[in-house]
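Q: I'm new to reading protein structures. Could you walk me through one, feature by feature?

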Amino acid sequence: NPDFEALLQFKKSSDPFNKTLISWSNSSSSSSSPCSWIGVTCNNERTRITQLVLENQNLTGSIEVLSQLTELRQLSLKYNNLSIPKDFSFSPWRNMKLLYLSHNQFSGKFPSGISELHRLHRIDLSYNQFTGEIPLPELIQLPNLLTIRLEMNSFTGSLSAIGSISSLIEFNVSRNDLEGEIPEVLRYFQDSSFEGNKNLCGEPLLNDCGGESQSGGQIDPIPVLVPPKPKKAKKLSKKALILITISYVGLIILMGFLGFLLCMKKFSKKQSNGKQSNEKKKKSSGFEGKEEEGMMVLFNGCLDLSVDDLLKSSAELLGKGSFGTTYKVMMNNGYSVVVKRIRERKKTEIDGFLKEIGGLRHKNLSSLRGYYSSKGELLLIYDYFSNGSLYSLLHGNRGPGRTPLDWGTRLKFASGVAEGLAFLHLANDCKLSHGNLTSANVVIDRENNACIADTALCHIFVAPANVANNGYKAPELIYNAHNYRKLSQKCDVYSLGVILLEILSGKMAVYEGETSLAKWVQCVGKEEWESEVFDFELSRDKVTVGEMVCLLQIALLCVAQIPNDRPNASVVHKMIEDIKTKGRISATFIHKANANNHSTDSSHSELSYGALPTQHTSF
Ligand SMILES: Nc1ncnc2c1ncn2[C@@H]1O[C@H](COP(=O)(O)OP(=O)(O)OP(=O)(O)O)[C@@H](O)[C@H]1O
């Protein structure tokens with residue numbers, strides 16, 4: 001096998017005294033298969049090497065022979081003393097996604113062939129002795145590139161680059177010998193990305209280029225601590241930008257307001273028909289008022305508001321969902337609420353049910369604060385969450401300037417959604433399910449708590465008849481498109497599993513527009529989880545990757561094909577808390593969760609977490 005031959009050759013040159021790569025041996029015993037060698041990961045067929053991670057191993061010599069590993073997706077050789085030949089080319093590594101070669105003895109020009117690495121997500125050549133120009137135009141054209149780290153080398157030349165950088169979120173060329181003006185496309189990165197290049201100038205650095213060529217080396221190496229001279233043209237364009245933004249936002253608010261007014265027209269007419277609303281008076285006697293036509297009910301914790309207050313306020317359209325249209329209503333007293341105008345209700349008595357829902361309070365639920373109901377209208381009132389939804393945090397603005405969600409925050413969201421769902425499933429005699437759990441239906445509060453919205457609306461409101469696969473629907477719902485009898489708490493657990501996969505992968509529930517994320521992850525082999533599934537925005541160390549693997553195991557349990565194979569939400573929550581507090585979960589626990597679920601028909605059965613073995617195994 002050529003890959004394995006290449007590894008043995010690499011060992012010969014990089015570890016000549018057999019000090020670190022001891023497990024790398026060409027003996028014929030099965031335990032010495034290269035796929036089990038330290039740092040080596042193979043493909044499913046165990047024929048090719050897909051990952052090679054040998055960090056801080058005191059390795060020396062050239063990496064030339066590794067260019068034969070053409071199926072590599074990840075190569076990490078950080079913190080060694082390795083070198084490359086002068087004419088080294090990256091082009092054989094066309095499958096490479098993560099290339100970490102920092103802190104070595106690499107010198108000479110930037111290797112050729114970088115433009116052929118279309119799958120590349122991260123490249124880190126920092127802390128080496130590279131010289132010559134950085135092929136920035138080629139680098140920024142790579143469609144999936146998130147990270148370029150080239151700091152602490154001796155790169156020279158200018159940073160000429162045009163066009164836009166669609167995916168780049170990390171860029172560092174500090175402490176090189178670069179010169180000239182920083183191109184416009186890179187200016188949104190911080191000054192620390194550029195500092196330590198004595199002839200580099202322009203924003204975000206404080207030394208102004210002054211319109212002259214910088215090649216003469218006239219600029220003070222220490223940034224001048226005065227603000228850059230105002231540039232008229234730039235100021236004007238910023239102003240124009242602000243004006244355009246304001247008019248754009250204004251237009252959206254106006255449109256939302258008009259839409260909201262239109263939808264409220266029906267009952268606003270009724271109100272102005274000479275019949276004065278006596279709503280306020282009634283509200284003061286128990287926050288409830290029944291009018292001839294409509295009734296406003298406010299629950300504990302709601303502002304004292306009336307239909308008039310809502311009508312007088314400006315509104316912004318947030319979106320149209322399965323059950324109706326959602327508006328942000330900005331009231332005159334400065335508070336904002338969310339009003340959901342329901343499209344169609346089921347022919348059941350809704351008041352009693354809404355009052356039950358309105359009584360639910362949990363830090364991970366977006367509480368129903370009140371509702372207005374008349375013959376033809378139903379408006380539900382919720383708190384407004386200014387941090388937006390989990391969907392927008394995970395998938396919105398993936399381009400330049402995005403601050404990626406760190407692992408700790410993601411784990412907190414995961415735990416929060418599971419806790420909110422567990423609470424819902426156990427509330428009201430375990431008879432509630434959400435029915436439409438998606439990452440857009442998870443909103444984030446100021447303390448970064450993930451709060452489930454649209455709770456239990458499926459029980460009383462009618463969703464559009466086509467139960468298309470939006471990526472969150474459990475298989476039993478897809479195959480029974482018009483049969484809602486199959487809707488159960490286990491369907492919610494499936495949706496929860498999909499949300500966990502979104503959190504882990506940064507991919508949408510319907511991946512690349514057609515494949516279900518759950519189905520796709522189920523097909524990816526465990527050895528490829530790190531390179532294929534986990535979000536490339538997440539920085540990795542051993543501990544974090546271990547925790548990600550644990551969360552992925554839980555997610556896969558949740559998206560099991562058979563409903564009874566899925567754990568209960570409360571068990572999912574406890575397992576995630578285990579990861580948060582201990583960094584791992586019990587493997588036996590997962591098996592037990594499965595076994596217990598097989599032995600019960602009830603979707604409400606609770607697993608006894610306390611009875612689980614205390615010994616923990618890391619995955
Ligand atoms: N309380 C809230 N605070 C802030 N944003 C909210 C709130 N509730 C909903 N949203 C956001 O408003 C938008 C529209 O919500 P809506 O429930 O109408 O549709 P959806 O959630 O996108 O679709 P569906 O209901 O079919 O799942 C979504 O982006 C959602 O995240």
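A: Gladly! Let's start with an idea we'll need soon: a polar contact is a pair of N or O atoms within 3.5 Å, where, within protein, one must be able to donate a hydrogen and the other to accept it. Keep in mind, too, that this is a predicted model.

Q: Which backbone nitrogen does the side chain of His 434 reach at 3.0 Å?
A: That of Asn 436, at 3.0 Å. The side chain of His 434 also reaches the backbone nitrogen of Leu 437, at 3.2 Å.

Q: Where is His 434 found?
A: Look in the loop between helix 8 (407–430) and strand 22 (442–444).

Q: Is His 434 buried or exposed?
A: The general idea is that buried means under 20% relative accessible area. His 434 has a relative accessibility of 1%, so this residue counts as buried. Leaving aside its neighbours within four places in sequence, His 434 is in contact with several residues, among them Leu 421, Leu 424, Ile 452, Asp 454 and Asp 492.

Q: What does the side chain of His 395 make a polar contact with?
A: With the side chain of Glu 502, at 2.7 Å.

Q: How many residues apart in sequence are His 395 and Lys 507?
A: They are 112 residues apart in sequence, and their C-alpha atoms are 7.3 Å apart in space. For the chain as a whole, take the contacts between residues at least 6 apart in sequence: 55% of them join residues at least 24 apart.

Q: Now for sheets. How do strands of a sheet pair?
A: They pair through backbone hydrogen bonds, either parallel or antiparallel. Here, five strands form an open sheet with parallel pairing, in the order 7-9-11-13-14. Its edge strands are strand 7 (107–109) and strand 14 (199–201), each of which pairs on one side only. From one strand to the next, the twist averages 25°.

Q: In which sense do strand 13 and strand 14 pair?
A: Strand 13 (residues 177–181) pairs with strand 14 in the parallel sense, over three bridges. To find one on screen, look for Glu 181, whose bridge partner in strand 14 is Cys 201.

Q: What is the order of the open sheet of seven strands?
A: The order is 1-2-4-6-8-10-12, and the pairing is mixed. Strand 1 and strand 12 (170–172) stand at the edges with a single partner strand each, so one side of each has no neighbour in the sheet. Neighbouring strands here are turned by 15° against each other on average, direction ignored. Helix 1 (residues 2–14) packs on this sheet, touching strand 1 and strand 2, and its direction makes about 20° with that of strand 2.

Q: Why does the span of helix 14 agree with what it should be?
A: A helix is judged at 1.5 Å a residue: the 14 residues of helix 14 (residues 569–582) should span 20 Å, and its end C-alpha atoms are 20 Å apart, so the two agree. Its buried residues include Val 571, His 573, Met 575 and Ile 579. After helix 14 comes Gly 583, with a positive phi near 80°.

Q: How many residues of helix 13 are buried?
A: 14 of its 17 residues, so helix 13 is mostly covered, given that buried means under 20% relative accessible area. Helix 13 (residues 542–558) reaches 25 Å from its first C-alpha to its last, close to the expected 24 Å.

Notes: Residues are numbered from 1 along each chain as its sequence is written. This is a predicted model: local features need pLDDT of at least 70, side-chain atom pairs count only at pLDDT 80 or more; totals for chains, interfaces and linings use all residues. Side-chain values use heavy atoms; hydrogens and water are left out. Two strands pair if DSSP finds at least two bridges between them. Helices (H or I, at least four residues) and strands (E, at least two) are DSSP runs, numbered from the N terminus. Axes are lines fitted to C-alpha atoms, for helices over the stretch in contact, and angles run from 0 to 180 degrees between N-to-C directions. Buried means under 20% relative accessible area, exposed over 50%, partly exposed in between (1.4 Å probe, protein chains only). Contact means heavy atoms within 4.5 Å. The expected span of a helix is 1.5 Å times one less than its number of residues.
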